[in-house]
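I opened the model to look up its aromatic pairs, its core and its helices. My notes follow in the order I took them.

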Amino acid sequence: MILYGILLLAYLFTLAIIFTYKAIVEKDLVKAVIFSAGQSIVYAIAYLILMAPDVLYAYIAVGVGLYPILILYAISKTRRYEED
């Protein structure tokens, strides 16, 4: 049973690394924010598996809610696409 938890965490962290990479290399800033929010969701699921509900609730509020909204607002005041 513990092995399944460790394998699930390894899968989630690999998925988080992929989301992080996609957020860094993406030229469309809105898509980069979506990838960043996806990474936050993956980390929130990892905190759920690690049985850390206090960290989970704080991470959901900030990483999935507040951060993308603020960044999208900042993007709306600038250009959406990053120049080469």
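I began with Y47, which is partly exposed because its relative accessibility is 27%; buried means under 20% relative accessible area, exposed over 50%, and partly exposed in between (1.4 Å probe, protein chains only). The model is predicted: local features need pLDDT of at least 70, side-chain atom pairs count only at pLDDT 80 or more, and totals for chains, interfaces and linings use all residues. Residues are numbered from 1 along each chain as its sequence is written, and side-chain values use heavy atoms, with hydrogens and water left out.

**Aromatic pairs.** I searched the whole structure and got 4 aromatic pairs. Rings of Phe, Tyr and Trp (its six-membered ring) pair if their centres lie within 6.5 Å; planes under 30 degrees apart are stacked, over 60 edge-to-face, and the rest tilted. F19 and F35 make a tilted pair, with 6.2 Å centre to centre and 35 degrees between the planes. F19 is in helix 1 and F35 in helix 2, so this pair ties together parts 16 residues apart in sequence. Helices here are DSSP runs (H or I, at least four residues), numbered from the N terminus. I noted F19 as partly exposed, at 23% relative accessibility. Y47 and Y59 pair edge-to-face, at 5.6 Å centre to centre and 65 degrees between the planes. That pair links Y47 in helix 2 with Y59 in helix 3, 12 residues apart. Y59 is also partly exposed, with a relative accessible area of 25%. I then traced the ring pairs and found that they link F13, Y43, Y47 and Y59 into a cluster.

**Core.** I listed the largest nonpolar core as L9, L12, A16, V42 and A46, 5 residues in all. Such a core is a set of buried Ala, Val, Leu, Ile, Met, Phe, Trp, Tyr and Cys residues joined through side-chain atoms within 4.5 Å. Helix 1 (2-25) and helix 2 each supply at least two of its residues, and helix 1 gives the most, with 3. Leaving aside neighbours within four places in sequence, L9 is in contact (heavy atoms within 4.5 Å) with A46, I49 and L50.

**Loop.** M51 sits in the loop between helix 2 and helix 3. Its phi is near 60 degrees, a positive value in a residue other than glycine. M51 is exposed, with a relative accessible area of 72%.

**Helix 3.** L56, G63, P68 and I75 are buried in helix 3. The buried residues of helix 3 pack against helix 2 (29-49).
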